[in-house]
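Student: Could you go through this model with me? Let's begin with how its elements are named.

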Amino acid sequence: MSAWAVIVAAGRGERAGLGKNKVFWPVDGRSALARCLDAFEACGRFDGAVIVLSQSDMQAYEALAVSEGPFLLVKQIALGGDTRQASVYNGLKALPEDAGIVAIHDAARPFVSQDVIEATLESARMYGSGVISTPVVDTIKQVGPGGEVTSLERASLRAVQTPQTFDYHKILEAHERARADGLSVTDDAMLFEHYYAGVRLVSAPGAEANIKLTTRADFEVLERRSRPDVRVGQGYDVHRLVEGRRLVLCGVEIPWEKGLDGHSDADVAVHALMDALLGALGEGDIGRHFPDTDPAYKGADSMRLLAVVMEKVRVAGWRVGNADVTIVAQRPKLAGYMDAMKQNIAWGLGVAPECVNVKATTTECLGFEGEGLGISAQAVALLVR
Ligand code: CTP
Ligand code: MG
């Protein structure tokens, strides 16, 4: 007996408010529609699928078939109707006459599993219908026309989803009768209940995950779940080179004829790094946290200020993944100090030295660094949860 899928995707996704049909929206990098087709194809039990689309989404589908396809299972595209019921009917009519079983599925349920699909298929082969369902976790109340509330017994309730799988000719006939009778329903199982001796509900592993994407909140939850728990920040600082000051870079004092001018020890590399960390935290810059008008920071050891910034990082629930610092100086030669600088920074960030990179470059005598007027530094830092 041949098995077909009808995947309805002809809604407008109004409640999701995404500005386009929600089934085309990438969920973790792949659209809901493509994810449904993946699941039905992976089953290996279907002869083909009909997808039901509204006219206004035809172009979007063609683009999707290029970017996320090829959807080899799709043998036909049917035009949607004004209601889901009408869309399903149009999909059913597009199936070949010899179709034996049809699984009707909402494209808005992208997490449908093979187990779920197969459970409905098996049931439909044996009993003529198979509708995936889950126990209800909320207590459901019925509200009467006058506002009177009745509690329903939870243990007897089931929430039904799609796929809903049926003997093809029976469900097609039920749809035709409903059209003649003016009966409108919210799922296909209701038609089966109405015209035949009831419907088979089935359960399967993965049914809880088979959620329907309906509201904006559904998409926000998924977005939060898939958002990588990392933050990146960038920092830049410059200090003037003057006589009579110490030269301190990454907490290492370097003997030289000049040093960097500033309110604190003017460790330009650590300042850039702190700005990168504060940037990743979304916490502004060091000027905001350690104002140079505050006498407390006069001559301050920047490595101690770094410890204060790192405390903010920890309190906010982050730790450093890695950091990369570039010092731009024409002179002095810094190569001999690199290891000590790297160790210092690793210590200050609370990470292994492999997670820190410190490098230095000249500017071929160009610009203020090249002329020896000052030293600049740049840094990037990655924070992880
Ligand atoms: N559907 C359809 N034709 C319609 C209405 C809905 O094919 N006229 C499809 C939707 O594309 C979706 C499924 O039926 O895959 C379930 O419908 P729903 O979740 O209500 O989606 P939308 O109707 O698109 O959303 P909304 O009601 O918020 O506009
Ligand atoms: Mg709808």
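Tutor: Helices (H or I, at least four residues) and strands (E, at least two) are DSSP runs, numbered from the N terminus. This is a predicted model: local features need pLDDT of at least 70 and side-chain atom pairs pLDDT 80 or more, while totals for chains, interfaces and linings use all residues. Residues are numbered from 1 along each chain's sequence, chains are lettered from A and ligands numbered from 1 as written, and side-chain values use heavy atoms, without hydrogens or water.

Student: Thanks. Where does Pro332 sit, then?

Tutor: Pro332 is in the loop that runs between β16 (319-328) and α11 (338-349).

Student: Nice. What is the peptide bond from Thr162 to Pro163 like?

Tutor: That bond is cis as well, and its omega is near 10°. Here we are in a strand, with both Thr162 and Pro163 belonging to β10.

Student: Is Thr162 buried or exposed?

Tutor: Thr162 counts as buried because its relative accessibility is 3%, and buried means under 20% relative accessible area.

Student: And what does the side chain of Thr162 make a polar contact with?

Tutor: It pairs with the side chain of His105, at 2.9 Å. A polar contact is an N or O pair within 3.5 Å, one atom able to donate a hydrogen and the other to accept it. A polar atom of the Thr162 side chain also lies 3.0 Å from the backbone nitrogen of Asp106.

Student: Which residues does Thr162 touch, leaving out those up to four places away in sequence?

Tutor: Arg84, Ile104, His105, Asp106, Arg109, Ile132 and Asn210, where contact means heavy atoms within 4.5 Å.

Student: New topic: what is the phi of Ala266?

Tutor: Phi of Ala266 is positive, near 60°, in a residue other than glycine. Most residues other than glycine have a negative phi. Ala266 is in the loop between β15 (258-260) and α8, and it counts as buried because its relative accessible area is 0%. Cys365 also has a positive phi, about 65°. Find Cys365 in the loop between β17 (356-361) and α12 (367-370).

Student: On to pockets. How much space lies in the largest pocket?

Tutor: About 950 Å³. On a 1 Å grid, a pocket is an open set of points where a 1.4 Å probe fits, with protein on both sides within 12 Å along at least five of seven lines, and lining residues have an atom within 4 Å of a point. There are 35 lining residues here, with Gly11, Arg12, Arg15, Thr83 and Arg84 nearest the centre. The elements giving two or more residues to this lining are α3 (84-93) and β10 (158-167).

Student: What about the second largest pocket, which residues are closest to its centre?

Tutor: His239, His271, Ile286, Phe290 and Asp292, out of 17 lining residues. The volume of this second largest pocket is about 310 Å³. At least two lining residues each come from β12 (230-243), α8 (268-281) and α9 (286-289), and β12 gives the most, with four.

Student: Last one: how is the protein divided into domains?

Tutor: Domain 1 covers 3-226 and domain 2 covers 230-384, with bounds from an automatic or database domain assignment. Their centres, taken over C-alpha atoms, are 57 Å apart.

Terms used:
Points joined across faces, edges and corners; volume = space filled by probe spheres on them. Buried < 20%, exposed > 50% of the residue type's maximum accessible area, 1.4 Å probe, protein only.
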